[in-house]
Structures are given as structure tokens and as C-alpha cells.
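Work through the exercises below with the sequence and the model open. Each task is followed by a stepwise solution.

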Amino acid sequence: MEQRGGRVQILLPILIDLVAMYVITGILLLLLAFIMYKSNLSEAVMNGAIIAIYVIAGFLGGFFIGRYAGVKKYLWGMLIGGLYYLILFLVGLLLHRGIGSDPVHLFSTLALCLLSSTAGGMLS
């Protein structure tokens, strides 16, 4: 990590990484919507694809922040995955005007985001 003026300059890379994660998520969700439009996918396949999109975005986000940080990569990956989930959760709260999912779904999505981004950080 670079140090300038005695402070660690990591905020901007975190923000860039989060934006990149959401761009990746958006592109993959648009691709999934197009595939669903052209074919007749079941709900189970669609849910699996959405989970895969979370995992891909989390892994890439953890990988990129780990490459930037250089030390304790798995912790930086976990941090970015937690921030990614937090934003997803808050947007979900705003759109559904409350918690719209069951607790199992919320915690499993949190685990997927944390674990995939931690793995990305470890492998960076």
C-alpha cells in the first residue's frame, strides 16, 4: 500500500473497486435478462445464475483490491465483499420498504459475498 502524508491512501481504490463490482454485476444481470428473454429458463436456473453473478463480482472485487493492497489481501477482500453486500442490502431495504427476504437468504448472500471476495483477495 502506498503511504502519502502518513496516511494510507486506500479509499479511492475501494470506491473504484466497488463501482467496478457493480458494473460487472449490472453487465452480467443484463446478459442473464437477455438469455431469459430468448429462452425459457426455470426459476431454479435463474436463482443459480444470480448466485453465480454475486460470486463472480465478489471474487473479482477481492482480487483487484488484494492486488492493490499487497498485504493482508484476504482481509481487504473480505472488507470489499462486506461493503458490496451492505450496499446491496441497503438498496434492497429502500426498494422493498423493509426486509423483503427471509433471514436464511440474507445470511447466505452475505456468506457468498464475503467468501468469494476473500477468496479473490487470497488468490491475488
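A residue counts as buried under 20% relative accessible area, as exposed over 50%, and as partly exposed in between. The model is predicted.

**Exercise 1.** Classify A49 as buried, partly exposed or exposed.

Solution. Step 1: locate A49, which is found in helix α2, residues 43-69. Step 2: read its relative accessible area, 22%. Step 3: because 22% falls between the cut-offs of 20% and 50%, A49 is partly exposed.

**Exercise 2.** Find the buried residues of α3 and their packing partners.

Solution. Step 1: W76, G77, I80, G81, Y84 and Y85 are buried. Step 2: the buried residues of α3 pack against α1, α2 and α4. Step 3: turn to the largest nonpolar core, of 14 residues, where W76, I80 and Y84 are among those that touch the most other members. α1, α2, α3 and α4 each supply at least two residues of this core.

**Exercise 3.** Describe how α2 and α4 cross.

Solution. Step 1: their axes come within 6 Å and cross at roughly 35°. Step 2: the crossing is right-handed. Step 3: the contact residues include I51 and F59 of α2 and L112 and G120 of α4. Step 4: by type, the contact residues divide into eight nonpolar, seven polar and no charged.

Conventions:
Residues are numbered from 1 along each chain as its sequence is written. This is a predicted model: local features need pLDDT of at least 70, side-chain atom pairs count only at pLDDT 80 or more; totals for chains, interfaces and linings use all residues. Side-chain values use heavy atoms; hydrogens and water are left out. Helices (H or I, at least four residues) and strands (E, at least two) are DSSP runs, numbered from the N terminus. Buried means under 20% relative accessible area, exposed over 50%, partly exposed in between (1.4 Å probe, protein chains only). A nonpolar core is a set of buried Ala, Val, Leu, Ile, Met, Phe, Trp, Tyr and Cys residues joined through side-chain atoms within 4.5 Å. Axes are lines fitted to C-alpha atoms, for helices over the stretch in contact, and angles run from 0 to 180 degrees between N-to-C directions. A crossing is left-handed if the near helix is turned anticlockwise from the far one by less than a right angle, and right-handed if clockwise. Contact means heavy atoms within 4.5 Å. Ala, Val, Leu, Ile, Met, Phe, Trp, Tyr, Cys and Pro count as nonpolar, Asp, Glu, Lys and Arg as charged, and the others, Gly among them, as polar.
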